[in-house]
Amino acid sequence: MNYTQLYESRITKELDKKEVSLWKDFYNNILPERVEQFKKVYRGKPQKLQKAIEKLEQDAAASYREEIDEQLTTLCDGLRTQAYFDALKQLDSLSEGVPDKTDHSQSLASEIITDLKAKLQTAEKDRDTFYDQKAVLIMQQDIINFTMHITDSTLLKQVYGTVKAAYKRQEQEENNEL
């Protein structure tokens, strides 16, 4: 049995379940409450209320996404720590009655602990990479959403020029690295 995969599978299931729960709470409770409060204090034109609500919903979802990421990161760290201690307990129970090998500089448990620590560090790096990639995708999505609401052609041309220049600079940097 591969305990790493077993624990990763359990952690992933817990994180998925928690994320679904948090988003359900947001869309069923938090967001409707914010929309109602917004409607009460809205002073703009009634024709623009729906667009203002959509903007509020997008901003609230983006903000809540960050809160969810923080909560999931904390939960993941706790679950990994718990898995680490569970593995140690299993090692202790499996090593009962096994004679110590004095000719080895490290015991089997120490080797396994060292291996688990290395795997934990790798998993943490992978998690950090995932969250970095996720942050980039969120920013790209937000930029697209914001751009979709720009109606002034002059401003839109300015944004286009800025984005195009940034993209070309990135291409040049990537070519220079190769």
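I began with Glu 8, which is partly exposed with a relative accessible area of 28%. A reminder to myself before going on: this is a predicted model.

**Partner of Glu 8.** I looked up its salt bridge and found Arg 80, with the closest N and O atoms 2.5 Å apart. Glu 8 sits in helix H1 (residues 3-41) and Arg 80 in helix H2 (residues 49-94), so this pair ties together parts that are 72 residues apart in sequence. Arg 80 has 11% relative accessibility and counts as buried, because buried means under 20%.

**Other salt bridges.** I see eight in the structure. Lys 134 and Asp 69 meet in one of them at 2.9 Å, N to O. Here Lys 134 belongs to helix H3 (residues 108-148) and Asp 69 to helix H2, and the two are 65 residues apart. Both Lys 134 and Asp 69 are buried. I also noted Asp 77, Arg 127 and Asp 128, linked in a network of salt bridges.

Lys 17 bridges to Glu 14 at 3.6 Å between the closest N and O atoms. Both lie in helix H1, three residues apart, about one turn of the helix. Lys 17 is exposed at 54%, while Glu 14 is partly exposed at 35%.

I found a negative patch formed by Glu 171, Glu 173, Glu 174 and Glu 177. Glu 171 is in helix H4 (residues 153-177) and is partly exposed at 34% relative accessibility.

**Overall form.** I count four helices and zero strands in the chain. Its radius of gyration is 25 Å, well over the 16 Å that the globule rule gives for 178 residues, so the chain is more spread out than a compact globule. Buried residues make up 18% of the 178.

Technical notes
Residues numbered from 1 in each chain as written. Predicted model: local features only at pLDDT ≥ 70, side-chain atom pairs only at ≥ 80, totals over all residues. Heavy atoms only, no water. Patch = residues over 30% accessible without salt bridge, like charges linked within 9 Å, V, L, I, M, F, W, Y side chains within 5 Å. Areas by Shrake-Rupley, 256 points an atom, 1.4 Å probe, with all protein chains shown as cover. Salt bridge = Lys/Arg side-chain N within 4 Å of Asp/Glu carboxyl O. Lys, Arg positive; Asp, Glu negative; His and termini not counted. Charge placed at Lys NZ, Arg CZ, Asp CG, Glu CD. Buried < 20%, exposed > 50% of the residue type's maximum accessible area, 1.4 Å probe, protein only. Rg over C-alpha atoms; globule rule 2.2 N^0.38 Å.
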